[in-house]
Amino acid sequence: MTDAPAPQPLMLFNSLTRSLEEFTPVHPGEARVYSCGPTVYNYPHIGNMRAYVFADTLGRTLSFKGYKLTHVINITDVGHLTDDADAGEDKMEKMAAEKAQSIWDIARHYTEAYWADIKALNIRQPAHWSIATDYVPQMIEFAKAIADKHCYELDGGLYFDTTTVAHYGALARAKTEDGEGRIDEVEGKRHAADFAIWRKTPAGETRQMEWDSPWGKGAPGWHLECSVMSEALLGFPFDIHTGGIDHREIHHPNEIAQNQAHSCSDASGARIWMHNNFLIERSGKMSKSAGEFLRLQLLIDKGYHPLAYRLMCLQAHYRSELEFSWEGLGAALTRLKRLVLGVEALRKRESAEPAGQADMSIYQAEERISNDLNTSEVLVIVESIAALKGYAADRLAAIYRMDDLLGLNLATLTRTDLRIRPKSAAITEAEIEAALTRRKEARAAKDFATSDRLRDELAAAGVEVMDGDPLGWDWRLDAN
Ligand code: AMP
Ligand code: ZN
């Protein structure tokens, strides 16, 4: 008998200290995670979705390692201005005015679109989706509690004085004095980095979303939302706070400042702050103001299965930039097809395997994921075990277990699921299959003229016939 392998510590990169730290939960056996969610004024682009694939990978890892996970993702339906640092208009109000719709309808529509992407990417449902507008009374209480010692009032609202807390901006590593890169547009602001925690509705105006407060009618600041909702749902302090790397510069330092003020301590709120790097795209298609911007639905319309995008994210480390290209996405889809094909082959072969080899691969996968979520190496382990010859049953079980980390749906995904018909296609699957059957019959009868004609007709309809494709892919539809 071999000894049970030693438990492996989970090492995570903490943006606060810029170093790898061992995860030790605030509450033994539990992991409480808060992820900054989307501002639902528009569709999320695939870069935004990278942030949730990352948060999901973290959640899956914590569950895999046996922690009882409580994950919260918020939905920002009020308060986020067009500039993170308190300049410009409320994104929601602006979109509602442009579309001549109520903010509530806008929020509902884009929240549902976001949830559809979450589902398509096999991102697990968090324990709570916290909706910012549900927490406004608590936000007012929070602001009241810190107003005297940490805030000052201007015509525009209640502002947080960032010099009233220790080490403001430590997370961003910015100089406190100049609040790097901030636009000081608000008259009377004491320091460039100071930010609104309550924005008053200007005199004579009525807003679609406004609430009474000690500082007049208005709406909460964006940063306040996350401080309030994370504490309400996860307690103080909690374990891990996530977001995109842009939040390391303004949003999260501001949350930390509020948390320090509210707790009258140096506690930042979360023990570990983690940030995913950006998905970048050189031609500007990621901009939501571009006509056809990169939404997950666009990928699907072009015939790419959404899990190919998930796999593309997993190939890169979450702290590295990831460059998007259609070629890269195509390569990720091929990789996913191979995996699915390998798993299908294993499923057909029923045999018992002496235990050991497959368990070893699970141990290795845990080791890699425990090293700051090294998903790309887990992917390689899954591929190598799928490609091995020989016994099947244990290997299948091991692959499914490792897929708990990757979330590629390997237990149920089939090759046919992966073949998505591009929206622009003028031919249906049934027509293709019928033409291919006729072509097969023609070839069997050595009628090569008919066989070639059918192939040409299919090619004219954008269908590439793939005789002898190693992945068993009989045909492929090209998107344009
Ligand atoms: P927003 O709706 O703008 O608040 O963004 C939602 C999430 O997506 C935040 O965590 C952002 O930091 C993150 N994010 C925004 N752009 C990108 C990108 N290009 N790549 C990865 N994450 C992003
Ligand atoms: Zn947030």
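This briefing describes a metal site, the strands beside it and a ligand site in a predicted model. Local features need pLDDT of at least 70 and side-chain atom pairs count only at pLDDT 80 or more, while totals for chains, interfaces and linings use all residues; side-chain values use heavy atoms, without hydrogens or water. Residues are numbered from 1 along each chain as its sequence is written, and chains are lettered from A and ligands numbered from 1 in the order in which they are written.

**Zinc site**
- C36 (SG), C226 (SG) and H251 (NE2) coordinate the zinc ion (ligand 2) at 2.0 to 2.1 Å; donors are N, O and S atoms within 2.8 Å of the metal (3.2 Å for Na, K and Ca), and sites may look incomplete because water is not among the atoms.
- Along the chain, the donors of the zinc ion (ligand 2) follow the spacing C-x189-C-x24-H.
- C36 lies in the loop between strand 3 (30–35) and helix 1 (46–64) and C226 in helix 5 (residues 222–234), so this pair ties together parts that are 190 residues apart in sequence; helices (H or I, at least four residues) and strands (E, at least two) are DSSP runs, numbered from the N terminus.
- C36 is buried at 6% relative accessibility, and C226 is buried at 1%, where buried means under 20% relative accessible area, exposed over 50% and partly exposed in between (1.4 Å probe, protein chains only).

- Strand 12 (residues 238–244) is largely enclosed by the rest of the structure, because seven of its seven residues are buried.
- Strand 3 pairs with strand 12 in the parallel sense over three bridges, with S35 opposite T242; pairing requires at least two DSSP bridges between two strands.
- Strand 12 also runs parallel to strand 13 (residues 270–276), joined by six bridges, and G243 stands opposite H275.

**Surroundings of H71**
- H71, in strand 4 (residues 68–75), is buried with a relative accessible area of 7%.
- The side chains of H71 and S35 form a polar contact of 2.8 Å; such a contact is a pair of N or O atoms within 3.5 Å, and within protein one must be able to donate a hydrogen and the other to accept it, while residues adjacent in sequence count only if both atoms are side-chain atoms.

**Ligand 1**
- An oxygen atom of ligand 1 is 2.4 Å from a polar side-chain atom of D246.
- An N or O atom in the side chain of N48 lies 3.1 Å from an oxygen atom of ligand 1.
- A nitrogen atom of ligand 1 is 3.4 Å from a polar side-chain atom of N276.
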